[in-house]
Amino acid sequence: MGNRLKAARSPYLLAHAEDPVDWYPFGEEAFRKAQAEDKPIFLSVGYASCHWCHVMHRESFQDKEVARLLNAHFVPVKVDREERPDVDAAYMRALVSLTGQGGWPMSLFLTPEGKPFFGGTYFPKEDRMGLPGFKRVLVAVAEAWAGKREAIVEEAERLTRALWKSLTPPPGPLPEGAEEEALDHLERAFDPEWGGFLPAPKFPQGPLLLYLLARAWEGEERAARLLRPTLRAMALGGVYDQVGGGFHRYSVDRFWRLPHFEKMLYDNALLARVYLEAYKLFGENLFLRVARETLDWLLSMQRREGGFHTALDAESEGEEGRYYTWTEAELREALGEDFPLARRYFALGEDLGERSVLTAWGEAEVREALGEGFFAWREGVRAKLQGARRRRMPPALDDKVLADWSALAVRALAEAGRLLGEERHLEAAKRGARFLLAHMYRGGLLRHTWRGSLGEEAYLSDQAFAALAFLELYAATGEWPYLDWAQRFAEAGWRLFREGPSLPLPAKEVEEGALPSGESALAEALVRLGAVFGGDYRERAEEVLAEKARWLAHYPHALPGALLAKALWERGTELALPLPSPLLEAARGAFLPLTQLVLGPAGALPALEGREPGKAYVCRRGVCLLPVERWEEVEARVRGVISEIFHD
């Protein structure tokens, strides 16, 4: 028979369309039913590449007895967190407040008005692993709703009021010392032996690493000390796919060895930039190699029309990580005579166990043994293992397109095209941009989800990430339509930022672990547009950051995207380059994280008015130093201006 999810666009929701559970999508119909029948709502939030979401699906949501309990006593609502990040953010904060922790699948019980009163993450069907069984939970909640309704509603109201109060503080002035406090905290949490930040599990936090790169570029030695061992350990560990390139979602242990195997577009778009910029800053070839391989993985996720798929599942053949792990027999068969040396390279030891995750902890040893022949040997080994993998059943592909994540990929590829001077990356970025405009832009907004047809939702992150992607395309190409679109997206983001709430709970992004918040990205885009056009962009950026002031004052380490936007707002510079210019190639190939490149004919933009072609102008807020004609002088002036501001 199926349920109401049959009309869904999301692969995650469609996977539940044949469940015996009478699922509703999140929306008015579900709330009306709950209120009319006076039933609590069971809200289940997950995503297509989530391993434990699959487990709970198989154990509970496909079980007729569980379905009978859900259908009789609750209005079951299923949400794809990637399709509805607002719902996910709002209710995840509630879950953390209720239980002290969060995660997916998210399992929450709500009043008919949508206010939470009880929840958890994964529940096994029966009591197991110290967790209460889902059937027992359902019976207990149903009995409590019948017998203790007044107390439950009162508690839900109290929690809702507390969340609104704590998550919507009044704006304030940007705090001084936030960047130093963030570094102090990160130094205390740093793992000096294996890089990254304790305790495990360890996530490859793209926004944090990008912020640390900017600080390291400024000459902050503490940032460099945190970065380099972290990037090396991630690159050589099992969290990085040593065969196929690209990063898994996180490492279960402190050693970056055992990953949670799903591969997400957003992680790899951000980490491609991290390793590319790290190569430009530190000059380590390992970082360049990882950047290129991660960019190749991004290209493998690009549709023919230009959009980017969302993720690869953690599972294949019903087992998490099977596609990525190896038995000794499989490695021997795939590698032949290369196996003994590969055993050393992958640091497998003598006892491989049942299945092994490949690391590259033996790289230094094998590289010393092979000398100049190491690189060709490594590529040969990778090619053999890739060939063997192609004969396996691959993980499921989540083939929906998300505007904000696709924009992250566009930005990464455009930056690679600019910094490396490689046309293939730039062309892929252009195709991604064309897809966003042709398929996902409607009614003055980038819509969030496309899968053959376009969804209605549009979020701040869609507009803000796209504004930054199109600004990068403008810097990489000098083509003005990209600049025009960056303005449009930033204006759309500004309108969304000023809109009021639409959910029972505040959908505020506080921590910026895996992704920068839409607000932080909007602030960065506004500052960069202000460098090009002047006007009130800087004032708007300050207003956006003021909304983060309380969090920046108390938890600056958790807001690296906001810290980066704040650094750009406080001490960012413009590099005005009237065209034609002999400095263009050097300017495009330079890593200048706190500088906006402004290109075009003299006088064509406010930042280019009165400027002479062939010379470069280092400016701050429209006030420029005397022009220079040598690139070494340009870089010295950029560093000098930023350093002077920071130390004033």
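Biologist: Where does Ala347 lie?

Modeller: Ala347 sits in the loop between helix 14 (339-345) and helix 15 (363-370). Helices here are DSSP runs of H or I with at least four residues, numbered from the N terminus. This is a predicted model: local features need pLDDT of at least 70, and side-chain atom pairs count only at pLDDT 80 or more, while totals for chains, interfaces and linings use all residues. Residues are numbered from 1 along each chain as its sequence is written, and side-chain values use heavy atoms, leaving out hydrogens and water.

Biologist: Why is Ala347 called partly exposed?

Modeller: Partly exposed lies between buried (under 20% relative accessible area) and exposed (over 50%), with a 1.4 Å probe and protein chains only. Ala347 has 38%, so it is partly exposed.

Biologist: Why is Trp256 called buried?

Modeller: Its relative accessible area is 1%. That is under 20%, so Trp256 counts as buried. Trp256 also has a positive phi of about 60 degrees, although it is not a glycine.

Biologist: What makes helix 11 roughly antiparallel to helix 12?

Modeller: The axes of helix 11 (residues 265-282) and helix 12 (residues 285-300) cross at roughly 150 degrees and come within 8 Å. Axes are lines fitted to C-alpha atoms over the stretch in contact (heavy atoms within 4.5 Å), and angles run from 0 to 180 degrees between N-to-C directions. Angles over 145 degrees count as roughly antiparallel, under 35 as roughly parallel, 65 to 115 as roughly perpendicular and the rest as oblique. So helix 11 is roughly antiparallel to helix 12.

Notes. Helices (H or I, at least four residues) and strands (E, at least two) are DSSP runs, numbered from the N terminus.
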